[in-house]
Amino acid sequence: MFQMPEIIRELCNGCGLCVLVCSCKGLVLIENMAVIVETVECDYCTLCEAVCPTGAIRCPYEIVIEEC
Amino acid sequence: MSVDIEFLKSIPYFAGLDVAELESIRRLVFERTAQRDEFIFQEGEPAQALYFVVSGVVKMFKTSAEGKEQILCIIRPGESFNDVAVFDNGPNVASATAMAPVVLYGINKTDVGVIIRDHPQVAANVTRVLAERVRHFASLVEDLSFRTVLSRVAKLLLEYAENGRKAERPRLTQQEMAAMVGTAREIVGRSLRALEEKGAIRIDRHRIVLIDKEALRETVGEMM
């Protein structure tokens, strides 16, 4: 699965700031709720998470040691 | 364009004002728009106006001599920016760009003085806003001044990657890492970029790969 940012629906207030800052159209507002649109254009810039005023968007990282 | 009085009422600067006062202030407000990545003003230029974000998002940042950008704060709808330069009559302390198409309300510097003189309540509100600003920047200065944050982030990455099985480890956002090492999200982003430039890690989209554990340990050790 292509990793995209995640939305905690209960926290989303529908302000749409994430949609505005996303340059790859990876987010849309549907019925006043941010919804992820899976796209390979998403480079995980994490701006959507940075601007979200309620913490409703998460861009989590796996932390791994490089396999030799 | 028409300046929305309801919006003015929601701005902390104008809290507690009656409709007549807001009407008189409205006459001094102008509207400005900017497209994504457009500069609203640049650091060092003479300050022209105080701004409020009506819609969209603005980032305030400083750029180092090497061209590295440090975000100082993100300004969301209802919040103000460029307060400091307007009040101390100095140059803009940082640059501001639109992170998305934005609509701003602005008040020219000279008009800000008139508003404060005519509406004492605004002066009290400004004190509160500026105090919050000082608190935010004081915390940021502390983090930027001491290199301990970089070492704490390096330590977190090492401990996290070496502890337990990969499948059992929850993934971490930059916000969560910030909370874990006691700093701001912006500082974690900066630290990750610094560790990547050092060759200690590689950020592979949603994966932080530790490629040189020795370099990470050295970074941790630098502060011990």
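The views below show a predicted model.

**View 1. Helices α6 and α9 of chain B cross at roughly 135°.** The axes of α6(B), residues 148-162, and α9(B), residues 213-221, come within 8 Å. The two helices are therefore oblique to each other. Their crossing is left-handed. On the side of α6(B), the contact is made by Leu150(B), Ser151(B), Ala154(B), Lys155(B), Leu157(B) and Leu158(B). Helix α9(B) contributes Lys213(B), Leu216(B), Arg217(B), Thr219(B) and Val220(B). Sorted by class, this contact has six nonpolar, two polar and three charged residues.

**View 2. An open sheet of three strands contains strands from chain A and chain B.** The strand order is β5(A)-β10(B)-β9(B), and the pairing is mixed. Helix α6(B) lies across β5(A), β9(B) and β10(B), and runs at about 75° to β5(A).

**View 3. Strands β5 of chain A and β10 of chain B run parallel.** Four bridges join β5(A) to β10(B), which spans residues 207-210. Glu62(A) has Arg207(B) as its bridge partner. Val64(A) stands opposite Val209(B).

**View 4. Chain B touches chain A through 25 of its residues.** Three elements of chain B, namely α6, α7 (174-181) and β10, each supply at least two residues of the side that touches chain A. The largest share of that side, four residues, comes from β10(B). By class, the residues of chain B on this side divide into 13 nonpolar, five polar and seven charged.

**View 5. An open sheet of four strands in chain B has antiparallel pairing.** The order of the strands is β1-β8-β3-β6. Strands β1 (29-34) and β6 (80-81) stand at the edges with a single partner strand each, so one side of each is left without a neighbour in the sheet. Strands β3(B), residues 49-55, and β8(B), residues 102-108, run antiparallel and are joined by six bridges. Within this pair, Phe52(B) has Tyr105(B) as its bridge partner. Helix α4(B), residues 109-118, lies across β3(B) and β8(B), at about 70° to β8(B).

**View 6. Strand β4 of chain B pairs with β5 of chain B and with β7 of chain B.** Six bridges join β4(B), residues 58-63, to β5(B), residues 69-75, and the two run antiparallel. Met60(B) stands opposite Cys73(B) in this pair. The hairpin of β4(B) and β5(B) has five residues between the strands, and Gly67(B) takes a positive phi near 90°. The pairing of β4(B) with β7(B), residues 95-98, is also antiparallel and extends over four bridges. Here Phe61(B) stands opposite Ser95(B).

**View 7. Chain B is assigned domain 1 and domain 2.** The assignment places residues 5-138 in domain 1 and residues 146-221 in domain 2. The C-alpha centres of these domains of chain B lie 34 Å apart.

Methods:
Residues are numbered from 1 along each chain as its sequence is written. Chains are lettered from A and ligands numbered from 1 in the order in which they are written. This is a predicted model: local features need pLDDT of at least 70, side-chain atom pairs count only at pLDDT 80 or more; totals for chains, interfaces and linings use all residues. Two strands pair if DSSP finds at least two bridges between them. Two residues are in contact if their C-beta atoms, placed from the backbone, lie within 7 Å. Axes are lines fitted to C-alpha atoms, for helices over the stretch in contact, and angles run from 0 to 180 degrees between N-to-C directions. Angles under 35 degrees count as roughly parallel, over 145 as roughly antiparallel, 65 to 115 as roughly perpendicular and the rest as oblique. A crossing is left-handed if the near helix is turned anticlockwise from the far one by less than a right angle, and right-handed if clockwise. Ala, Val, Leu, Ile, Met, Phe, Trp, Tyr, Cys and Pro count as nonpolar, Asp, Glu, Lys and Arg as charged, and the others, Gly among them, as polar. Domain bounds come from an automatic or database domain assignment.
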